[in-house]
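Keep your viewer open and your selection tool ready. We will go from stop to stop, with a short note on what to select and what is there.

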Amino acid sequence: MNLPDALDQMSESAAQVYLDAHPIQEQWSMLILDQRVDFVDDDLRRLKHLPELKRIHSHADHLTDRGVSFVPQIAELRHLLIYSPLVTDRCLEDIARLHRLQTIDLQGSHRISRKSFDALVADLPDLVDIYPPFDRPLSELYIEAQNKRMERNG
C-alpha cells in the first residue's frame, strides 16, 4: 500500500485523523479459500466488489457449483484453482465465461469429467497452464501410492 511519507512523522492519533480524511482503497490480487475460511457459497456474491482479483485458489472442500457461479463476476481473473469434491461439470459453464483465464487447475475436483474439462479448455484460448481433474479423490490416490511404497519396501 502506498502511504504518504508524512505519516511517519505524525503521532498515531494524527495519522488516524489523516487516514480517516483521506481513505486509501485496498487492492487485492489473490483470494485464498481453504478449510480455515468460514464461508458459504452465497458469500461469494461479494466477489463483484473485488474486480481487481487476478487469482483465486480454493482448497475449500465445501465449495459447490453455486459458489463457482459467482466467480465470473471477476472479468479480469487470470488464474483459477479449485480443489473441491463438491463441484461438478455444471460449474464449467460458469468458468467458460472467464475468457482471459491463463491457468485452470481442477486437479482436486474429481467429480468433473475429463471430457467436460477438455471441452472447457478448447473454449478458453488464453490458457497456458492446464491441470485436469484426477479421476478419483486425491486421498484415494495418496493411499494407493502409500500402499505401493510399503509393498516395495517390504
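**A guided tour**

Start by selecting Arg90, which is exposed, with a relative accessible area of 63% (buried means under 20% relative accessible area, exposed over 50%, and partly exposed in between, using a 1.4 Å probe and protein chains only). Before going further, note that this is a predicted model, where local features need pLDDT of at least 70, side-chain atom pairs count only at pLDDT 80 or more, and totals for chains, interfaces and linings use all residues. Residues are numbered from 1 along each chain as its sequence is written, and side-chain values use heavy atoms, with hydrogens and water left out.

Arg90 sits in the loop between S3 and H3. These labels are DSSP runs numbered from the N terminus: helices are H or I with at least four residues, strands are E with at least two.

Now pick Asp65, in helix H2 (residues 65-68). Is Asp65 buried or exposed? Asp65 is buried, at 11% relative accessible area. Show its contacts (heavy atoms within 4.5 Å) and, with residues up to four places away in sequence not counted, you will find Leu86, Val87, Thr88, Arg90 and Cys91.

Step back to Leu63, in the loop between strand S2 (55-58) and H2. Leu63 is buried too, with 3% relative accessibility. Which residues does Leu63 touch, leaving aside its neighbours within four places in sequence? The list is Phe39, Asp41, Leu44, Ser58, Val68, Ile82, Ser84, Leu86 and Val87.

Val40 is next, in the loop between strand S1 (30-33) and S2. Val40 counts as exposed, at 51% relative accessibility. Draw a C-alpha to C-alpha line from Val40 to Gly67 and you get 7.7 Å, for a pair 27 residues apart in sequence.

**Into the core**

Select Ile56, Leu77, Leu80, Ile82, Ile95, Leu101 and Ile104 together: of the 30 residues in the largest nonpolar core, these touch the most other members. A nonpolar core here is a set of buried Ala, Val, Leu, Ile, Met, Phe, Trp, Tyr and Cys residues joined through side-chain atoms within 4.5 Å. Strand S3 (79-82), helix H3 (92-95) and helix H4 (114-123) each supply at least two residues of this core. The largest share, three residues, comes from H4.

Zoom in on Leu101. Not counting residues up to four places away in sequence, Leu101 touches Leu77, Arg78, His79, Leu80, Ile95, Leu124, Asp126 and Leu127.

Arg100 is in the loop between H3 and strand S4 (103-105). Arg100 is partly exposed, with a relative accessible area of 40%. Its contacts, residues up to four places away in sequence again left out, are Ala75, Glu76, Leu77, Arg78 and Asp126. From Arg100 to Arg78 the C-alpha distance is 5.9 Å, and the pair is 22 residues apart in sequence.

**Zoom out**

Along the principal axes, the C-alpha atoms fill a box of roughly 65 × 45 × 30 Å.

Of the 154 residues, 34% count as buried. Among contacts between residues at least 6 apart in sequence, 57% join residues at least 24 apart.
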